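Colleague: I would like to learn how to read this structure feature by feature. May we go through it together?
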Amino acid sequence: MLDTKLKNRHKLAVFLILLIIIIPAMAVLEKYGEAFYEVEQQKEESMTEAQVSDDFVGKFVEACYIFYNRELSEQDVSDEEKEYDFWTFADENNMLFEDNDYFETFLDYRVVDEKGSVVAKTMAASSNSYPGEGNLTSYSIGMRISFDGNGVPSAVISSGEYKDDQSKILIRQLGSFFEETELGRIVRDAERQELLKTPVNRTFYLAMRQENMEEYLDNTFAGYGVHSYGPEWFTNMILLLMAAVAGAAFLLPRFKTLRTGEEKIFRVPFEISAVVLLLSVAAATDIAADRIGAFSSSYDLFDFLIWIVVFGMVYWSAACMRHIFTMGPRKYFKECTLMVPAKKYIQKGWRCALAGCRNWFDRIYRSFDELDFRDENNKTILRLVFMNFALLAVISCMWFAGIFALVIYSVILYLVLRKYFNDLKGKYAHLLKATNQMAQGKLDVEITEDLGVFNPFKTEIAKIQDGYQKAVEKEVKSQRMKTELITNVSHDLKTPLTAIITYVNLLKEEKDEEKRRDYIEVLERKSLRLKVLIEDLFEISKASSKNVILHFVDVDVVNLFKQVRLELSEKFEAAELDFRCTYPEEKAVAALDSQKTYRIFENLLINVVKYAMPKTRVYVKIEKRADEIVLHIMNISATELDFNPDEITERFVRGDAARNTEGSGLGLAIAKSFTELQKGRFKIETEGDLFKAEVAFPVEK
């Protein structure tokens, strides 16, 4: 029994809700007729105002000038009139002439000259007659505008409900065309009235039918209120009814016995109900504005259903939102909104968006540091310009708000540029500090800071440091070599010279002829030794200064080497050296200086005699390659090879550091110098006790 009572109560609540929705809908439909008649009255008043406006009447005056000047532009002009160009003027004022072309599509006109001949005509309507003296009264508005031979106008409006008012405007505008009409003012302001000539000896019959005039005014003269969208009181009434429905949705559930307001249908998130309410208000105002102005005073079932839906949406959304008062704002927005449950996702998305923007901005900012001024950076510059253009384009679309956006953009740009240039200044300071330390002689300076755009300088500074270090090492080595040179020259020259002086003194006091002969032999040997030493010194001096004259001839390298080996064969036999030679099958001929090449081979073989271990084998190989002839000599050293192969070819450097053997220390230096003078290669290598020499001469193809 109790359950039946509850069901009946709920049915009563549903019935009351339907009444709350239906009654406002019927009230709105009841006011359709009154609103429609008021709209029609507004249209009539607006149409009247538009017909007697300066803009509308001025179009007829402008049409006369355009028709006449168009006629002139299509004719052959004299030399004096060649500067006149109506079409250029029309192109410069394209929008204005498009408006006049649109006016012409609704206009019936006929233009005749002083002889009565038809110059131009058109027909916008479906009638077979053109406007003229006899039929102007058949149009909604018809007029005749004439210009005599001096361009003095006269006009008569033959038809039209408001022809008296229109005639006054027409006469005024014809009398002061360049001051009263829009087209005339443009020409006057441009101070080029010769581009729009006043008609002469022309009569213009201009007319417009009722349907054409209404369509033209309705589409063009919206500023005069020709378009009507429903009276204001009608819209206000609808809004008041919607407010009443919303109030009923708030009050009805307060009657507990009706058991309504707590249904699931009224338990939707706040955002959805708010959107529905806003859509309802927007739909109601649009319907009130459009359907009354577009249709008649009657209504049908479709209109009734539209308003039922509108007021039903208002009731439903208000009933959903009433829980903000029953539950309390805090609990309501926590349980009945989409935003609160999604808050953590929104926050996470916001943080991700901020991080993404920050990373994007950081990449843009850091891209400046990656600029390489040695390469073209057109793409980077274009990318930055395009980004700036895109931002400014977005800002320019924001109208007045764009001014504030532009201020914010300028402030941000200033802060970014200031930060970038401060960073740039700091990086430049690090670079300047490093270069100053290098200038003070601290060649081991290391730049650990990130120099950004100056990072390429770190590599270049490292190269400079390496170059300075090598130059210092070379200078130290040069100084050491100079010291050793003086020491070695002094020693090598002093040794035979001391012996000569000693034996000369002995020779003076010695009476024994046999001993005197021995002393003389020693003197001769030491003198020759001194002579060879001095000659070698001169040779290496000339070679080092490139002051050597070469006489190039075709030299058979194999035969020349065999000749040198043969001449030194006695020394090889004395040292008990076994030569194993490998020669190419074909001739190995190169353009060389034979004497200098002979000296190269001689010095190499003498070096073998001096330093090779006795009773060992010496390997010689001559091979002919595509672009060079290469000589290889390998022998086992009698002493430990503890010297630097790169220094053994320096002047007065000997493998015998104790200088116990005879030699000037210039043999390999002379060989290397003579080889390089002939564009060849000279290379010394050691591998354990194995001594390797390689000489290569270029072969001209």
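Colleague: Let me begin with charged pairs: which side chain meets that of Glu 687 in a salt bridge?

Modeller: Please keep in mind that this is a predicted model. To find a salt bridge, one looks for a side-chain nitrogen of Lys or Arg within 4 Å of a carboxyl oxygen of Asp or Glu. In this case the partner of Glu 687 is Lys 692, at 2.9 Å from N to O.

Colleague: How is the exposure of Glu 687 and of Lys 692 to be classed?

Modeller: One compares the relative accessible area with two cut-offs: under 20% is buried, over 50% is exposed, and partly exposed lies in between. Glu 687 has 52% relative accessibility, so it counts as exposed. Lys 692 has a relative accessible area of 22% and is therefore partly exposed.

Colleague: How many salt bridges does the structure hold?

Modeller: There are 16 salt bridges in the structure. One of them is formed by the side chains of Asp 578 and Arg 580, at 3.1 Å from N to O. Asp 578 is partly exposed at 32%, and Arg 580 is partly exposed at 41%.

Colleague: Which parts of the chain does the salt bridge between Arg 681 and Glu 694 tie together?

Modeller: For such a pair, one reads the distance and then the place of each residue. The side chains of Arg 681 and Glu 694 meet at 3.1 Å, N to O. Arg 681 itself is partly exposed, with a relative accessible area of 36%.

Colleague: Which residues are linked with Arg 681 and Glu 694 in a network of salt bridges?

Modeller: The network also takes in Glu 623, Arg 625 and Glu 628.

Colleague: Let us turn to Asp 108. Is this residue buried or exposed?

Modeller: Again the cut-off decides. Asp 108 has a relative accessible area of 1%, which means that it is buried. Its place is in strand S1 (residues 108-113).

Colleague: With which side chain does the side chain of Asp 108 make a polar contact?

Modeller: The contact is with the side chain of Arg 209, at 3.3 Å. Arg 209 is found in the loop between S5 and helix H9 (210-220). With a relative accessible area of 15%, Arg 209 is buried too.

Colleague: Next, surface patches. Which residues form the nonpolar patch?

Modeller: One looks for nonpolar side chains grouped on the surface. This patch consists of Ile 403, Phe 404, Val 407, Val 411, Tyr 414 and Leu 415, and together they have about 620 Å² of accessible area. Val 411 is placed in helix H17 (residues 401-439) and is partly exposed at 45%.

Colleague: Which residues form the negative surface patch?

Modeller: Asp 512, Glu 513, Glu 514, Asp 518, Glu 521 and Glu 524 make up that patch. Asp 512 sits in the loop between helix H18 (455-509) and helix H19 (513-544). Its relative accessible area of 35% makes it partly exposed.

Colleague: Finally, backbone angles. What is the phi of Asn 201?

Modeller: Phi of Asn 201 is near 55°, a positive value in a residue other than glycine. Asn 201 lies in the loop between helix H8 (182-190) and strand S5 (202-208), and it is partly exposed at 30%. Lys 615, which is not a glycine, has a positive phi of about 60°. Lys 615 is in the loop between helix H22 (594-611) and strand S9 (617-624), and it is exposed, with a relative accessible area of 64%.

Note on methods. Residues are numbered from 1 along each chain as its sequence is written. This is a predicted model: local features need pLDDT of at least 70, side-chain atom pairs count only at pLDDT 80 or more; totals for chains, interfaces and linings use all residues. Side-chain values use heavy atoms; hydrogens and water are left out. Patches are made of residues with over 30% relative accessible area and no salt bridge: like charges are joined within 9 Å, nonpolar side chains (Val, Leu, Ile, Met, Phe, Trp, Tyr) within 5 Å. Accessible areas come from the Shrake-Rupley method with a 1.4 Å probe; for residues, only the protein chains shown count as cover. Helices (H or I, at least four residues) and strands (E, at least two) are DSSP runs, numbered from the N terminus. Buried means under 20% relative accessible area, exposed over 50%, partly exposed in between (1.4 Å probe, protein chains only). A polar contact is a pair of N or O atoms within 3.5 Å; within protein, one must be able to donate a hydrogen and the other to accept it, and residues adjacent in sequence count only if both atoms are side-chain atoms. Lys and Arg count as positive and Asp and Glu as negative; His and the chain ends are not counted. The place of a charge is taken as NZ of Lys, CZ of Arg, CG of Asp or CD of Glu.
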